[in-house]
Amino acid sequence: MLTTKDQVVREIALASLGEAIRGRIKQAPTSDEIARYLSGDCTGVFLGPSGTGTSVWSYARNAARRQRERLKVRWRWCEKKGEMAVECNGKGGAGKGGGLVIVPPRARSQIIYRLRVAGQNYYLDSLLSKKDQGKVYALASVDRASNHFLRNGSFTRFADWRFVHRARLDVLPLNGARRWGDQQDTRCRRCGYTNETLSHVLNNCGPHMVAITKRHDATVQRIVKNAKLPGEIILNKSAPEADAGCSLLRPDIVIRDERSKTVTIIDVAIPFENGLDAFRVAKEHKLQKYQPIADSLQEKGYKVYLKAFILGALGTWDRDNWAVIKHLPIGKRYAGLMMKLMVFDTIRWSRDIYVEHVSGQRQYS
Ligand SMILES: [Zn+2]
């Protein structure tokens, strides 16, 4: 209203605004005082209680005051140009040296967009400053598969939805995850381990081992069900034909085809997403562990394909899984659906483990 092209509306608005301020400071306001009033300034002539009733101008003043911290929003009177402009936090965010932008009356159509960007920047800066909350996202942001449910919630129960975001930000209430207050007892409430972190609960806590194994087996089952490779499928047993020295090594899936003399060995791991390296470490560990089987079979003339299949405990998908899927070979169309189901299975199991951990109530039958 203060900057519209319609002169009549503009003058009425300005007069009504001047009236509202006069009621407050008991004199005709200067242009600078108008800007300060609209910005929510509480110093100088605006010190003390408002006294006068509410109006559209007092609403505008209160709105500016509420958003001053977040959006750095302020009205400014420019003496030289004789115009009233709005200033707010600029693009790129304060943390990136974006600085302030000034929206003059001739750019009035941009004001909503500018305020929205300032709001986004505020929340972005606030999130980026919480360094300990980026661990999971370092991995979850690599492949969009890990976030396929974010926009539409497909294959996700409401309970999982409520769980997974807090879990990925590491803000679920646990003894080992207190950020303020006195450092109290951080021990695990179920097994007594020294630090009850989410990674302990979902991957290492003794009482949950049955569910942790079921979570792992859900992924194994989906691979086995859909693998199209010819040959005999051997689950969780030492590979036949391998040396006796390998008898204690029991990979999750072995597919042996005698006709082509090929053996495929796949082992599934569900590590916690502890930073960017977590998947690489898990993979190396698996490959190293089963290499003796591969060596022994190769000596006997088999072609060996040894791979790890990795999913994060919070539903993060490892890109290298696509190569395994291609080897099996699972068709492109179904592979996309299978990926979603695997991400869903893993989140569901992790949610059930966590809820049982804090409530003591069994979540699965
Ligand atoms: Zn425990």
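Visitor: Quick one to start. Is Phe149 buried or exposed?

Guide: Buried. This is a predicted model, and in it Phe149 has a relative accessible area of 1%. The cut-off for buried is under 20%.

Visitor: Which ring does Phe149 pair with?

Guide: Trp161. The pair is edge-to-face, with 6.4 Å centre to centre and 80° between the planes.

Visitor: Where do Phe149 and Trp161 lie?

Guide: Phe149 is in the loop between H5 and helix H6 (158–168), and Trp161 is in helix H6. They are twelve residues apart in sequence, so the pair ties those parts together.

Visitor: And how does Trp161 count for accessibility?

Guide: Partly exposed, at 31% relative accessibility.

Visitor: How many aromatic pairs does the structure hold?

Guide: Seven. One of them joins Trp317 and Trp322. Their ring centres are 5.0 Å apart and the planes stand at 55°, so that pair is tilted.

Visitor: Is Trp317 buried or exposed?

Guide: Buried, with a relative accessible area of 1%. Trp322 is partly exposed, at 32% relative accessibility. Ring pairs also bring in Phe309, which makes a cluster with Trp317 and Trp322.

Visitor: Where does H9 kink?

Guide: At Tyr290, by about 45°.

Visitor: Which H9 residues are buried?

Guide: Among them are Ala278, Phe279, Ala282, Lys283 and Lys286. An α-helix has 3.6 residues a turn, so residues three or four places apart point the same way.

Visitor: What covers the buried residues of H9?

Guide: The cover includes helix H5 (135–140), strand E6 (262–269) and strand E7 (303–310).

Visitor: What comes just after H9?

Guide: Gly301, with a positive phi of about 90°.

Visitor: On to the sheet. What is the strand order?

Guide: E4-E5-E6-E7, four strands in an open sheet with mixed pairing. Strand E4 (232–235) and E7 are at the edges with a single partner strand each, so one side of each has no neighbour in the sheet. From one strand to the next, the twist averages 15°.

Visitor: How many bridges join E6 to E7?

Guide: Eight, and the two strands run parallel. Opposite Val304 in E7 stands Val263.

Conventions
Residues are numbered from 1 along each chain as its sequence is written. This is a predicted model: local features need pLDDT of at least 70, side-chain atom pairs count only at pLDDT 80 or more; totals for chains, interfaces and linings use all residues. Side-chain values use heavy atoms; hydrogens and water are left out. The bend at a residue is the angle between axes fitted to the seven residues ending there and the seven starting there. Buried means under 20% relative accessible area, exposed over 50%, partly exposed in between (1.4 Å probe, protein chains only). Contact means heavy atoms within 4.5 Å. Two strands pair if DSSP finds at least two bridges between them. Axes are lines fitted to C-alpha atoms, for helices over the stretch in contact, and angles run from 0 to 180 degrees between N-to-C directions. Rings of Phe, Tyr and Trp (its six-membered ring) pair if their centres lie within 6.5 Å; planes under 30 degrees apart count as stacked, over 60 as edge-to-face and the rest as tilted.
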